[in-house]
Amino acid sequence: MNMKTYLVTGAAGFIGANYIKYILKMHDDVRVVVLDLLTYAGNLGTIAADIDGERCVFVRGDIGDRQLVDSLFATYAFDYVVNFAAESHVDRSIENPQLFLQTNILGTQNLLDAARRAWTKGTDACGYPLWREGVRFHQVSTDEVYGSLGAVGYFREDTPLCPHSPYSASKASADLFVMAYHDTYHMPVSITRCSNNYGPYQFPEKLIPLLIKNILEGKPLPVYGDGTNVRDWLYVEDHCKAIELVLREGRPGSIYNVGGHNERQNIDIVRMSIATVRRLMTERPELRRVLKKQERDAEGQITVDWMDERLITFVRDRLGHDQRYAIDPDKIRRELGWQPETSFEDGIVRTIEWYLTHQEWVGQVISGDYQHYYERMYGGR
Ligand SMILES: NC(=O)c1ccc[n+]([C@@H]2O[C@H](COP(=O)([O-])OP(=O)(O)OC[C@H]3O[C@@H](n4cnc5c(N)ncnc54)[C@H](O)[C@@H]3O)[C@@H](O)[C@H]2O)c1
């Protein structure tokens, strides 16, 4: 067996958690060390069933902590680093940009340096470091680094970087550092830039889980501006498959855009979410028990008659709100044969069903119970 040891950062968050579940399911011959600071967005409970202390080990810590990261490299002799850890919410970056610089830029650079120290021995005749065979540093990035599109056109890998928010500016800077380590030290790196993800385990401040939460509570559904901003949506497991493929088979020093040609206006996502929750609850009345707003009809049955587009509330637009994102995924399809397997129509129903049947997870995530769970489990270490 050709055992591979991964350092996966930020895997108590949405995509990282889905990714480790995917690789542990797909490969017998992997060992995963999760490094996560457990910020508000990280929830140990999401991956508690995966952590067995052998195939999957959890370490709480900051990707910017040099001593800790060096000690992990020394202990585990990683083959791969997959960096998901980030501050990831645009609205929060508008409130507190500096945290985004610390985590997304300095944290990434700290990981790059630790990998360079651990994976190199000596230099070649030109002075470039000699790298251990088979290692790879993979950076998980976003289409937001390209800025915003008009009504037509797509982001390609050679589209100039033009980030607008503090979040996307920090991710673009991190990408530049990753490529700089490739160009300067010949470090074997790769980057994926993905469009908006949706699926299980997403923190309910992001659009789709937030919509579901508010629908269940009968609360207004806030829509920025006129709701015509376009995002390109991808089911999270399709993203995880793309990362794994690029990590193992992508060309070193290469960037791959990941997207499913699934552009939707935000307002359409809102309408679709309302209609899907209502349809599922109509077809399966037992699901109605998770409704926080419980109106009853004359027979005493919980009704969903109120669940319609009257819930939509337009709010003042986000500052610097990008109008349209759309990915051209041709390179990853052509070079690596990747394409999405989940249609939006299936993925959105699967996702909404998941949230309706995992309300306990949502409650715990929101209440921060799992932060306390960690303290109980690990005694504050
Ligand atoms: N969500 C999307 O639609 C999307 C799309 C494209 C790219 N991305 C990128 O994918 C990555 C993961 O996104 P997500 O939506 O899963 O994010 P998330 O906010 O759900 O999770 C981020 C995780 O990183 C951890 N973290 C934060 N700061 C840390 C630090 N200093 N040290 C260690 N861990 C830390 C958090 O505790 C959390 O578990 C991010 O880099 C993001 O930029 C996300």
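**The ligand site and its context**

Tutor: Cys194 counts as buried, because its relative accessibility is 4%; buried means under 20% relative accessible area, exposed over 50%, and partly exposed in between, with a 1.4 Å probe and protein chains only. The model is predicted, so local features need pLDDT of at least 70 and side-chain atom pairs count only at pLDDT 80 or more, whereas totals for chains, interfaces and linings use all residues. Residues are numbered from 1 along each chain as its sequence is written, and side-chain values use heavy atoms, with hydrogens and water left out.

A search of the whole structure finds zero disulfides, a disulfide being a pair of cysteine sulfur atoms within 2.5 Å. Cys194 is accordingly in no disulfide, and the nearest cysteine sulfur, that of Cys240, is 9.2 Å away.

The ligand itself is surrounded by 28 residues, the closest being Ile15, Asp36, Ser88, Tyr167 and Lys171; a residue is counted as near when one of its heavy atoms lies within 4 Å. By class, this shell holds 13 nonpolar, twelve polar and three charged residues. Here Ala, Val, Leu, Ile, Met, Phe, Trp, Tyr, Cys and Pro are nonpolar, Asp, Glu, Lys and Arg are charged, and the others, Gly among them, are polar. At least two shell residues come from each of α1 (14-26), β7 (136-142), α6 (166-185) and β9 (196-198), with the largest share, three residues, from β7. Helices (H or I, at least four residues) and strands (E, at least two) are DSSP runs numbered from the N terminus.

Polar contacts are pairs of N or O atoms within 3.5 Å; within protein, one must be able to donate a hydrogen and the other to accept it, and residues adjacent in sequence count only if both atoms are side-chain atoms. An N or O atom in the side chain of Asp36 is 2.6 Å from a ligand oxygen. Backbone N or O atoms also take part: that of Phe14 lies 3.1 Å from a ligand oxygen, and that of Leu37 lies 3.1 Å from a ligand nitrogen. The ligand taken alone exposes 840 Å², of which the protein buries 96%, by the Shrake-Rupley method with a 1.4 Å probe.

His27 is found in the loop between α1 and β2 (30-36). His27 counts as buried because its relative accessibility is 16%. The His27 side chain makes a polar contact of 2.9 Å with the side chain of Glu244. Not counting residues up to four places away in sequence, His27 touches Tyr6, Arg55, Glu244 and Arg248, where contact means heavy atoms within 4.5 Å.
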